[in-house]
Amino acid sequence: MTTPTLDRTSGTTSILSLRGVTKSFGAVAALTDISLDVAAGEVVAIVGDNGAGKSTLVKILSGVHLPDAGTIEFDARPVSIPNPTSALNLGIATVFQDLALCDNLNVIENLFLGQELRPARLDDIAMEVRSWELLRQLSAKIPSVRIPIASLSGGQRQTVAIARSLLGDPKVIILDEPTAALGVAQTAEVLNLVERLRERGLGVIMISHNMADVQAVADRVVVLRLGRNNGDYKVGTVTPEEIIAAITGATDNAVTRRTSQVDLRSIQPTTLPDGTTEPAEYPTDKEVDR
């Protein structure tokens, strides 16, 4: 199957660029020769079936795993991401699917957990002011920053997790399945947050299985299949059916392979000496494979 590529004649400069990234765990090749580009103010959706390598790619970008091969460039310079702290220092923040929030703590305490403001002692007022600033930037609908996380809806919790990722002023934010297990209203709320991130000029990588969400907010869709790139589409020029076909490999079968290798129109009937014609003989699968 021929991998579609994006026409980048617009001259957009990528904040984050991956080339030839490969990662194996023992005999299992999780990623093979992966390429990815993310520009400022762009939402790139990464889609793929279970086992396609999405989680491994996220963990490489967030500093959990080191790639076995390939290069990563950030702001046009080669970088290494050996640990999560290095990712944050570079300007790559990740919001994992489990959100990593403490239900018994309030919004402020979750936002600043592990990075509290304490010039001399804990500065509650400064942290509350900063919390409201972050939430207003996202147009968040949270009644109070003093209420426990346990009392918030799924969409509001996702808002807090995203706001926490903005504390370090990142340039790229990775959202791992941000709308998973959310209702319709909460999903719309989270998608609005993604729009706000793009408006702020951040590069956003969104891992998702939901084609409707992808079509709603993404600028590009990158398809992974069996640990390899299997498509790079510009949203608006591709249908959900085409994306699903790339995810499942529905267009990669014996019929399409045969058609791509043999031009059936060039096969003509054979004219015999007596003027009669003999039906054309089409190649078998084995002949095509050779």
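Asn-110 counts as buried because its relative accessibility is 0%; buried denotes under 20% relative accessible area, exposed over 50% and partly exposed in between, with a 1.4 Å probe and protein chains only. The model is predicted, so local features need pLDDT of at least 70 and side-chain atom pairs count only at pLDDT 80 or more, while totals for chains, interfaces and linings use all residues. Residues are numbered from 1 along each chain as its sequence is written, and side-chain values use heavy atoms, with hydrogens and water left out.

Asn-110 lies in helix 3 (residues 107-111). Helices (H or I, at least four residues) and strands (E, at least two) are DSSP runs numbered from the N terminus. Leaving aside residues up to four places away in sequence, Asn-110 touches Leu-101, Cys-102, Leu-105, Ile-149, Val-160 and Arg-164, where contact means heavy atoms within 4.5 Å.

Strand 3 is largely enclosed by the rest of the structure, because five of its five residues are buried. Val-43, Ala-45 and Val-47 are buried on one side, and Val-44 and Ile-46 on the other. In a regular strand, side chains alternate between the two faces of the sheet.

In helix 8 (residues 240-248), the buried residues are Ile-243, Ala-245, Ala-246 and Ile-247. Their cover includes strand 3 (43-47), helix 7 (211-217), strand 9 (220-225) and strand 10 (228-234). Gly-249, with a positive phi near 75°, follows helix 8.
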